[in-house]
Amino acid sequence: MSEQLKFIVEQLNREPFKKNFNLITFDSLEPMQLLQTLNDALAEIDPKQAIDIREEMPEQTAKRMFTLLGMLKYKPPGGMSEVFRQGLVIGSKPVVHPILHWLLQRIPELKKRAYLARFLVKLEVPAEFLQDDVIAETFHQYEELVGGFKNIHKECEQLKSSGFSTAEIRRDIVAMEEEKDQLIKRVERLKKRVEAVSNHQRMLELARQLRVEKEREESLAHQKQEQKNQLFQAEQRLQRCQIQLRDLQQAAADEKPESLMKRLEEDIKFNSYMVSEKLPRELENTRKVVKYLQKVASEPALGQAELRELEDKVSPETNTEINHLIEKKMMRNDPMDDKLSLFRQQAAIIVRKKETKVEELQEAREELAAVERELNMKSSQAQERGGAKLIRGDEFKRYVAKMRGKSSTYKKKRQEIAELKVEYGVLQRTEEILRERHTAGQQQLESLEAQRGISGYSDTQEELERVSAIKSELDEMKGRTLDDMSEMVKKLNSVIAEKKSALSPLIKDLRALRQEHAVKFEQKKAQYDTCAAGLESNRSKLEQEVRMLREETAQEESRYHHINCMREITESQMERAADQSKINQSMDIQEHCVTVGLQVLRQQVKQVRENQEPNMRQMKMWKDLETLLECKKQCYLKAQSQAPIGHIIQDVGKDMLVL
């Protein structure tokens, strides 16, 4: 542990922290100061963490640190346990010291990891949101950008690791300086030769004009070629547009008004259903989900103990309420509702089938549109590459017969290609054998050179040949620009002479003024040095006093914020206790309501049991009456079916049968 503390203190006293700690002062830091030191180390890795934790809630600070440590792949000695989380929240030394030791050991590596995590940690998008085309396309573009960033970062790292050495760069600079000296000497020699020729200025001017005209001719030829390419592309676009116009005209000529009207009616029905039923329902469901998620996001984060306490409270209340609702439903059960439930189920099944069919139709339309787009793209590509339009009927048969002939030719060519591949393999093997022999010969040559004391002779000879070739190319190039360089040198010499002649009187005046003011300058400088030394000593004393006062102020502020945080925590606990008492009172009221309901139910059951026998007797009497009426009905029907024996006399209020 002492070695760990020594390492932490040593690293914190260096750049960029400069904490001026020793083992005693670091070990005596308060939890809030220790957390601030940890936050400073994290801010060095990720600049977004550079905040004052006194201006932040402890839960937010702990959550932010947990997130960053997880992203940096920190593994605590005992795992991400509750003890580790609680220790990080309160700033415990056994928890914070190992984190600081781990961070300070690998700051460059963690900086790189934090930088990459900003771009490589993917956003988690729910699957139901990806069903939206716009969101899915945006997420696809986001994944492509992440992949592009990975490739670019790899290339950047490779370029950093494959840099030239300083020795090679120095050698190149020395070689270039030598070539520069040689070129200067050559230019001087050529100048002496050219000056002997009559009208050499005129000849140089004509050569310059000739070179300018040649460059202009090349640029004009390049512009002409570009315009030809643009004209060819415009003609191809015109041909594609004409073909599409002809296809659309043929499709419109083949269609009838009845089929067009029928198709339009189907589209109108489908779109009206989508607008009036499906899309509003989906929009409402999406709004509910968003509202629920916003509600969840707005609530404060709960710990494991609070969640367990809420579950213990909710489970008994929910079970009693569910049982109460089931009893109510059983009591209010209506036979007519049971009959209607069948129709409701059938209607729900029909609605679900309709929705599935609509979704299938929409998917089929999207697939059809995608296939049509692909077909148009393929046809346009075929036309751009010199292909003809789509063929049908007899033309297709002739095309098939032609393709069969080409297929036989293709098989022959493929056989020839296979033979060539075999021969290529043999040649490749021969090449490998020759390379091995060349390598062996090269090694033998190097060994002989080493024996003779001239190692590196062949490499040096090749390098000299390459340098001589490059030098000859540079000589040719610089020979072409000789006239420009000579003209430039003359202009520079003339300008320098003019500037010298213009500045010579000013330089004389400046020398006289400098001699006059030199003595005064020395006196003023001595006075300034003495005054500055006194002010510097006073400033150092004042700075020391200010530093001590700032340290005292920082300690008092930290103590004040700590006390304020403890006060807020105590107030929140008191509010939670008050809420708990209110919840207990509401639970007592609900228990009283449940007991009253149970008493009412017991009375109803008692009444049902008391009235059971009279009700059964009355039901039996009604059944006997129903049997008697049915018997009378049968007798009456039987009497009507037989021959009439007498006649019936009907009077007011009575009927008589006379035989």
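Tutor: Arg 435 is exposed, because its relative accessible area is 54%; here exposed means over 50%, buried under 20%, and partly exposed anything in between, with a 1.4 Å probe and only protein chains considered. This is a predicted model, in which local features need a pLDDT of at least 70 and side-chain atom pairs count only at pLDDT 80 or more, while totals for chains, interfaces and linings use all residues. Residues are numbered from 1 along each chain as its sequence is written, and side-chain values use heavy atoms, with hydrogens and water left out.

The side chain of Arg 435 meets that of Glu 431 in a salt bridge, with 2.7 Å from N to O; the term stands for a side-chain nitrogen of Lys or Arg within 4 Å of a carboxyl oxygen of Asp or Glu. Glu 431 is partly exposed, since its relative accessibility is 37%. Both residues belong to helix α14 (residues 394-452), where they are 4 residues apart, about one turn of the helix. A helix here is a DSSP run of H or I with at least four residues, a strand is a run of E with at least two, and both are numbered from the N terminus. An α-helix has 3.6 residues a turn, so residues three or four places apart point the same way.

With that in mind, turn to helix α10 (residues 200-254), where Glu 205 and Arg 208 are separated by about one helical turn because they are 3 residues apart. Their side chains also meet in a salt bridge, at 2.6 Å from N to O, and Glu 205 counts as partly exposed at 33% relative accessibility. In the whole structure a search finds 8 salt bridges, and a network of them links Glu 536, Arg 539 and Glu 543.

Another of these pairs is Lys 111 with Glu 44, whose closest N and O atoms are 2.9 Å apart. This pair links distant parts of the chain, 67 residues apart, with Lys 111 in helix α7 (residues 107-120) and Glu 44 in helix α3. Lys 111 is partly exposed at 34% relative accessibility, and Glu 44 is partly exposed too, with a relative accessible area of 24%.

Helix α3 also holds Thr 37, which counts as buried because its relative accessibility is 5%. Leaving aside neighbours within four places in sequence, Thr 37 is in contact (heavy atoms within 4.5 Å) with Leu 12, Phe 21, Leu 29 and Leu 100. Helix α3 (31-45) is, along with α5 (82-90) and α6 (93-105), among the elements that cover the buried residues of α4. Those buried residues are Thr 61, Ala 62, Arg 64, Met 65, Phe 66, Leu 68 and Leu 69. Just after α4, Lys 73 takes a positive phi of about 65 degrees.

In helix α8 (residues 133-161), Phe 139 and Tyr 142 are separated by about one helical turn, because they are 3 residues apart. Phe 139 is buried, with a relative accessible area of 18%, whereas Tyr 142 counts as partly exposed at 23% relative accessibility.
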